[in-house]
Amino acid sequence: MKYSFKLLIAERNRHIRTFIQREFVAEGFEVFPAKDSIEIYKLLQEKDYHLLILDEEIIKVGVFPVLDYIYKVKPSLPIILYVFQGQTQDEKDIPQIKARIEKSGNPNRLKTCVIKVLFECYPLQFQEKGNLNIYEQ
């Protein structure tokens, strides 16, 4: 099933960022990659997105408090935090954070999480498509 959603993928690691982008483009998503908080800032100024997949490392090394900024300029933008196994949960309690998922070599786990969050946030767009295509975990 092809999806017509715009995803902002914010990931510091170029290889992971490219991999995620390729996986979601193949599913019909429109994907916009960002490597750091400055690129997130620029991209959020340019267009609206349905979802942000955010590398938790960007929060920790960003030039400015990226979560605070996102909350101020795009308060309805849902966020999935993409974390390494064992990373602590020290981000603020921000209602935009809909899920946390650990990085792994299995893109279907991330795809399933993205579809679930998008379904939760934009149910009408899924009703038009018919059914939900959830990936095997």
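**Entry 1: Asp55**

I began with Asp55, which lies in strand β3 (residues 51-55). I take strands as DSSP runs of E with at least two residues and helices as runs of H or I with at least four, both numbered from the N terminus. The model is predicted, so local features need pLDDT of at least 70 and side-chain atom pairs count only at pLDDT 80 or more, while totals for chains, interfaces and linings use all residues. Residues are numbered from 1 along each chain as its sequence is written, and side-chain values use heavy atoms, with hydrogens and water left out.

Is Asp55 buried or exposed? Asp55 is buried, because its relative accessible area is 1%. I use buried for under 20% relative accessible area, exposed for over 50%, and partly exposed for what lies in between, with a 1.4 Å probe and protein chains only.

I then looked for polar partners of Asp55. Its side chain reaches the backbone nitrogen of Arg12 at 3.2 Å and makes a polar contact with the side chain of Lys103 at 3.1 Å. A polar contact is a pair of N or O atoms within 3.5 Å; within protein, one must be able to donate a hydrogen and the other to accept it, and residues adjacent in sequence count only if both atoms are side-chain atoms.

Not counting residues up to four places away in sequence, Asp55 touches Ala10, Glu11, Arg12, Tyr82 and Lys103. Contact here means heavy atoms within 4.5 Å.

**Entry 2: Glu11**

Glu11 was on the list for Asp55, and I followed it up. I found Glu11 in the loop between β1 (6-10) and α1 (14-26). Glu11 is buried, because its relative accessible area is 2%. A polar atom of the Glu11 side chain lies 3.0 Å from the backbone nitrogen of Asn13. With residues up to four places away in sequence left out, Glu11 touches Ile16, Arg17, Ala34, Lys35, Asp55, Ile58, Tyr82 and Lys103.

**Entry 3: Lys6**

I next checked Lys6, which sits in strand β1. Lys6 has a relative accessible area of 27% and therefore counts as partly exposed. Between Lys6 and Phe32 there are 7.6 Å from C-alpha to C-alpha, though they are 26 residues apart in sequence. Among the contacts of Lys6, residues up to four places away in sequence not counted, I noted Glu30, Phe32, Lys47 and Leu51.

**Entry 4: helices α2 and α4**

How do the axes of helix α2 and helix α4 lie to one another? The axes of α2 (residues 37-46) and α4 (residues 66-73) come within 11 Å and cross at roughly 5°. That makes α2 roughly parallel to α4. Axes are lines fitted to C-alpha atoms, for helices over the stretch in contact, and angles run from 0 to 180 degrees between N-to-C directions. Under 35 degrees counts as roughly parallel, over 145 as roughly antiparallel, 65 to 115 as roughly perpendicular and the rest as oblique.

From α2, Ser37, Ile40, Tyr41, Leu44 and Gln45 meet Val66, Tyr69, Ile70 and Val73 of α4. I divided the residues of this contact into seven nonpolar, two polar and no charged. Nonpolar covers Ala, Val, Leu, Ile, Met, Phe, Trp, Tyr, Cys and Pro, charged covers Asp, Glu, Lys and Arg, and polar covers the others, Gly among them.

I picked out Ile40 in α2. Ile40 is buried, because its relative accessible area is 0%. Leaving aside neighbours within four places, Ile40 is in contact with Leu8, Ala10, Ala34, Leu54, Ile58, Val66 and Ile70.

**Entry 5: aromatic rings**

I counted five aromatic pairs. Rings of Phe, Tyr and Trp (its six-membered ring) pair if their centres lie within 6.5 Å; planes under 30 degrees apart count as stacked, over 60 as edge-to-face and the rest as tilted. The centres of the Tyr41 and Tyr69 rings are 5.0 Å apart and their planes stand at 50°, so the pair is tilted. The pair links distant parts of the chain, 28 residues apart, with Tyr41 in α2 and Tyr69 in α4. Tyr41 is partly exposed at 35% relative accessible area, whereas Tyr69, at 14%, counts as buried. I also noted one aromatic cluster, formed by Phe5, Phe24, Phe29 and Tyr122.

**Entry 6: the whole chain**

I ended with the totals. The protein chain has six helices and five strands, in the order β-α-β-α-β-α-α-β-β-α-α along the sequence. Of its 137 residues, 44% count as buried.
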